[in-house]
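Please read this short report alongside the sequence and the 3D view. It covers one chain and the way two of its parts meet.

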Amino acid sequence: MTLWTHYHTPSSLAEAHALLQSYAGRARVIAGGTDLLLDIRHGHLTPPEALIDITKIPEMCSLIQEGDDLVIGAGVTHTRIVTDALIAARATCLVESCGVVGGPQVRNVGTLGGNVAHALPAGDGTTSLVALDAWADVIVRDERRWLPIRELFLGPGQSLLDPTRDLLVRFRIPLAQEREGSAFKRIMRPQGVALPILGCAAWVRLDSSGERCEDIRLCIGPVDRVPVRAEQVEAAVRGQPIDPATVDAAVAAGRTSLSPRTSKYRATASYRQEMIDVLLRRVLPLAAERARTGQAVPEGVGME
Amino acid sequence: MEDRPAWIGRSLHRVDAVGKVTGKTPFPGDIDLEGQLWMKIRFSDRVHARIKSIDTSRAEAYPGVIRVFTARDVPVNEYGLGIPDQPVLCGPGSGKEGADIVRCIADQVALVVAETEEAAAAALPLIEIEYEDLPAVCDVLAAMQDGAPQLHAGYPNNILCHYQIRHGDIEAGWRQAEVVVEGEYRTGYQEHAYLQPEAGLGFIDEEGRVAVIVAGQWVHKDREQVAHALGLPEEQIRIIYPAIGGAFGGREDMSVQIVLALAAWKLQRPVKIIWSREESIIGHHKRHPTIIRAKWGATRDGRVVAAEATIIGDSGAYAYTTPKVMGNAHLMVCGPYAIPNAKVDTYGVYTNNIPSGAFRGFGGPQACFAAEGQMNKLADALGMDPVELRLRNVLRDDSITVVGTPLPPNVTLDKVLAEGAAQSGYWNQGADGWRRAPAPPPSGPNRRRGIGVAIGFKNVGFSFGAPEQNWATVEIHGNAEIERVVVRQAGADVGQGAHTVFRQMAAEGVGVPIELVELVGHDTAATGNSGSSSASRMTFMAGNAIKGAAELALQKWREEERPAIATYQYVPPKTTPYDRETGRSNPNFAYGYMAQIADVEVDVETGHITVMRVISAHDVGKAINPQLIVGQVEGAVVQAVGYAVMENLISQDGRILNPYLSTYLIPTVLDIPHEVKPVILEYADPRGPWGARGMAEMPFITLAPAVAAALHDATGIWFDQIPLTPERVVMTLRQHGIDAL
């Protein structure tokens, strides 16, 4: 089976952009290809004439700390994220989510940008980026700009980016400060060649006393057509001490405000609803504990 | 000759190891011939429909397409391992009655042969098929009802086979019973998921024969079926297996063999096909889903006095090996126990689902899940240790089975169970019998841990009066000294290492260094009929044949024949079919015996099961190559963990919803047990070569009930349905009040 006819590895953004323009819709961006090539092979996608591989563009493969922010190129692999000590310490949920993507081979090749661009409602990396309030540097309709990550997603597998002409360049995430911490957990078997049943990322900031939750961002998926924040659950926790009573309140808010769907062969809605409870009970105390202690050791990453 | 065997019992490296590891060994899909064409198969779009017409004109006009074949091109449009109930190609015009009907989505309708695979694939959807839908029945219980759509003439209520056992006096048994346990067990589909999807190459060989290079389990049976469908004498067909990328029963029935032969014969050019994973999952049969109702009774002192069971197996749209698989389940559903009163009814039922057929264990895993579930429930109800209870009931040399006859000599179930239990570290034998230590602590607060045991027996070789034999030829070449030994043996090396042990047994039989032994393997043009690589039979059967041929050849060698060539057919003791009323029979000539202990953790919040340890005890008679036996044990246990815990093939209205390995989940390295401990015992089978018994299916069969028992030990709940997916486990736990909190 012919998956593509031409394969380009541009070395600059301008070159990549020009290539996409020259193919006028007949080329697609590839950033690892662990999803894309399967889609083509399974016939879900017509084989494009050309693939434009962006992983040789320096700007898209860099990890740069800028003050209290981290800028991550869209072509950075999951493995690089998982093995980065700074991300482990100060954006822990991202390491935990990238560390459970596929198996080692997939993580060595698959990229964070690819995960986001695929726009699945439960992309592991995506879930954590939403909880971290990431921004994305994109070239859309020939215009380069920064967007809040959530504005990228339009529907399952559908993003603002046209994969035949637009480019996802970088992400910017705030690194955890004092009294901030994050965690990610998901429900599925230990090693995934499959889509997760449910994933959950939480970012928490405690108040100056270290007792109460000053702010929280929580992303659970899939519960909607796009990755979403669990805002009512956040509201149940914000301003409260993260103790068993608050976790109960969060679970109750999850029960009333989140309605996961049944997917044919992965899970029923009722199992997912159960698992939202389980994830909230696991993730909230863990994120709060990390915020309190300033210590974070990623859990459940890769080969145990 | 020395007394101590030189080549038997040694863990020699596999002869195929280096080639496979380095990628040099060609599998069927790796082989190309000059001028070859490519085939793609159009499968049925409907689960049950009459094909009114097929228009191939647009497909044939597609650039690069050479020819489109339909039913009218097949000389004898039928095939089937036991019953020829499936058309080679479904559609009108073949002269075979009923061949215009598709009965499941695995039916093949048309073949496109083109210059390239891409052209064949592109032309496939251009074939226009006009269907007239027929009422379909995809539920096995509904299929048995009066008035259900009938799939095949002559099988009222779609009942393909029905067996009975009427042993002892069941009513008297119930009167004696002081404790009774019941269960309705359900087992799911399982996909073989072998590494190598179906592939092959048909061509005309140098002697003008229609030849097929393919991966199967029995070259001579493939030849017979191809010859039948093409209406040619068997001598004009040749089947060659190169390296085979796993089989597990999934290659017993035809997949690409007949259609490749047909196209190569009609076009007189090589024709190649490689199935995608999706085509493989849809295009070949699965393990039978079953519903098993069982009721067993015992006395207070732990003697099982009555067993009743009904097995209903979903055959899917065609017979395949269903009558034999269900026959096996029928025998095993009362467990390996001496039960004086038994009543069993077993049904194989046609539906519009994809066909079910052979898969490692061959009906044994389903029956054992029910039988051992019953035994574990009895132990619980009696307050008796499950090892102790089993030892009071297991079949021994002097026992009579529920089919009214004893097992072949040297029954070792008691020894296998005792050794397995002792070596597990969980059990010890005290003055008052066997006692178990508590399960180790679980690894987390939301987890519970338990231990479970199951035992079983499994036939070695064909059963119920089926013709059973194996041919081998041994050639001794040389003058004063033996320079070279050639063994001709067709037995398929499906990955289990048969070619290695054949050479070991030949070296032993002739008494020469193994380096002198050459094997001529699976090619119908060069070997005699070996029977299939199935039923854990190949070491036993080929071993006896090679041993016999070696003895004859040696005798000729001593009589100065040069080269000394001898051919020998091993024929085991006869078996008999079930009596229609009582089931009385001598079903098998040899058995393997096994016991497994599973140590299992369950996350009660998420329902995820982790199999921590499996102790797998087997009487293998004689371990010809111990390392290969360990490999079979580990591989079977992993495959069985998939069956018991993970693998969930979803069929809805006859269509498979998850025909990909990204949605049909099989174990990966992180899912497998943390430890598999094989306990290999060698109590000789007097009929086996050097005492060997078969063993390849046995470590699969007992795992699911051992896991279910461990789960009961951990949670107090019986799980009577597999696979034990997280969702099923959580929902069952919640129903019984075990909550995340």
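## Overall build

Chain B holds 18 helices and 27 strands (DSSP runs numbered from the N terminus: H or I of at least four residues for helices, E of at least two for strands). This is a predicted model, in which local features need pLDDT of at least 70 and side-chain atom pairs count only at pLDDT 80 or more, while totals for chains, interfaces and linings use all residues. Residues are numbered from 1 along each chain as its sequence is written, and side-chain values use heavy atoms, without hydrogens and water.

The C-alpha trace of chain B spans about 75 × 75 × 50 Å along its principal axes.

## Domains

An automatic or database domain assignment divides chain B into domain 1 (17-25 + 469-570), domain 2 (31-134 + 198-274) and domain 3 (290-395 + 402-463 + 580-735). The centres of domain 1 and domain 3 of chain B, taken over C-alpha atoms, are 34 Å apart.

## Where domains 1 and 3 meet

In chain B, 20 residues of domain 1 are in contact with 23 residues of domain 3 (heavy atoms within 4.5 Å). The two domains bury about 1600 Å² between them, 70% of it on carbon and sulfur atoms; buried area is the accessible area (1.4 Å probe) lost on being put together, summed over both parts. B:Ala535, B:Ser536 and B:Phe540 supply 39% of the area that domain 1 buries against domain 3, more than any other three residues.

Helix 13 (498-510) and helix 14 (538-558) of chain B each supply at least two residues of the side of domain 1 that touches domain 3.

Conventions
Chains lettered and ligands numbered in written order.
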